[in-house]
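The entries follow the order in which I looked things up.

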Amino acid sequence: MMKGLKRIALASLCVLSMGSTAISAQADSVELDRVELDRIVAKVDQDVIMKSELDARMDAVRRQLAAKNITLPPEDVLQKQVLEQLVLENIQIQMGKRGGIHIDDWSLNDAIARIAERNQLTLQEFKENLERDGVPFSQAREEIRKEMILNRVRQRQIAQRVQISEQEIDNFLNSPEGLSQTQTEYRLGHILIATPDNPSPEQVQAAEKQASELAKLLQNGGDFQALAIANSQGQNALEGGDLGWKKANQLPTLFAEQALKLDSGETSAPVRSPAGFHIFKLMDTRGQEVIVQDQIHVRHILIKPNEIRSNLEAQKLIEKIYDRVNAGEDFGALAKVYSDDTASALNGGDMDWVDPNTLVPEFKTVMNLIPQNQVSEPFRTTYGWHILEVMGKRKSDISNQVRRNQVRELLGNRKFEEELQVWLREIRDQAYVESQL
């Protein structure tokens, strides 16, 4: 009886042991499957790229290409390209971490709000569009954060390589491309009273008389286009003499000369040429608008509160300086001795001609209110306590400066892209990368 029980017990232990082994094997299989779902596909310096990252980026690229109706390359080619993109990004992200670059949630939220606004969407609509495209909002947030880090790394590394000289700006402005982009366009009206080849004096006289009569009608308010349709022998007569928008270098020399002489809306006197007598009207111009900026010549004295000077002590000191100026002491000499604005103190507090809109509101308000050659009473800004003197006011044509700044930005963007490609090759060559595919 006891031997029988022992045999049953041993048999049960064997079954339990076999079951335990089976359960263990099944668990190992599940674990292997889980590992296979997310494994390392590349080692990049001190970091790795996981298969889940590669798969997510592959899905995103497929969606982008499909939206643009671009045929997908073979899967292995696409995978290689996407992995290389991830490797380059990973190298830059590591550089950002080493450089202390961090995007806080406030900056990230602000960037997301601006992206939604540019797409004319509310934040909620932006989220819904992402979800509709199969992109969780949390994933999109981290992708945007990553992109912001990449941009900061690139700006930090590339900006120092990009320098645009004044000569480069001059060369661009004088190049065919520069002239094409920056030249003024003229909309010129034209009436031609033609004369035949080798005209007789009588024919010239008759044409000149007709042109003079038309010019008088125009000076008295006549309709240029109606008179052109009725009288002009020019090619654009049936368009009311309208030559359309042209740059000066696209016009015949005589036409360009008149376009440059006339004010907008002005009509010329008859002009003789071998073809006959011409009357021009400058209907409009565009492309070289004059940009006028209000500027004020100002000098100031700044007293800052600091570790050893309280705000009240700073206020009392500026009041004493103000009293000394009013008593006849030289403003510039006092600025050199007392002003905490090191940029202007050496020049007697002179800030030169400035655009009021570039200054803090409190300073701008006082500067606009103070008459010329008068010193303000002490006032406070975020920088400290000031007194200022307005030395002059003017309107300045800054069109050329604005134009040159636009060219500087254009050339800078081009050079940035060129240097970026060089830099990306450099960091890729210097990195340790081991693909696991």
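Before the charges, I note the rule: a charge sits over a ring if NZ of Lys or CZ of Arg is within 6 Å of the ring centre and within 35 degrees of the ring normal. The model I am working on is predicted.

Entry: charges over rings. I looked up R394 and found its charged end over the ring of W353, 4.1 Å from the ring centre. I then looked up K127, whose charged end sits over the ring of F137 at 4.9 Å from the centre.

Entry: ring pairs. How many aromatic pairs does the structure hold? I get 2 aromatic pairs.

One of them is formed by F255 and F280, with 4.9 Å centre to centre and 70 degrees between the planes, an edge-to-face arrangement.

I went on to F363 and F379, whose ring centres are 5.8 Å apart. Their planes meet at 65 degrees; the cut-off for edge-to-face is over 60, so this pair is edge-to-face. F363 belongs to helix α15 (residues 361-369) and F379 to strand β9 (residues 379-381), 16 residues apart, and this pair links distant parts of the chain. I noted both F363 and F379 as buried.

Methods
Residues are numbered from 1 along each chain as its sequence is written. This is a predicted model: local features need pLDDT of at least 70, side-chain atom pairs count only at pLDDT 80 or more; totals for chains, interfaces and linings use all residues. Side-chain values use heavy atoms; hydrogens and water are left out. Rings of Phe, Tyr and Trp (its six-membered ring) pair if their centres lie within 6.5 Å; planes under 30 degrees apart count as stacked, over 60 as edge-to-face and the rest as tilted. Helices (H or I, at least four residues) and strands (E, at least two) are DSSP runs, numbered from the N terminus. Buried means under 20% relative accessible area, exposed over 50%, partly exposed in between (1.4 Å probe, protein chains only).
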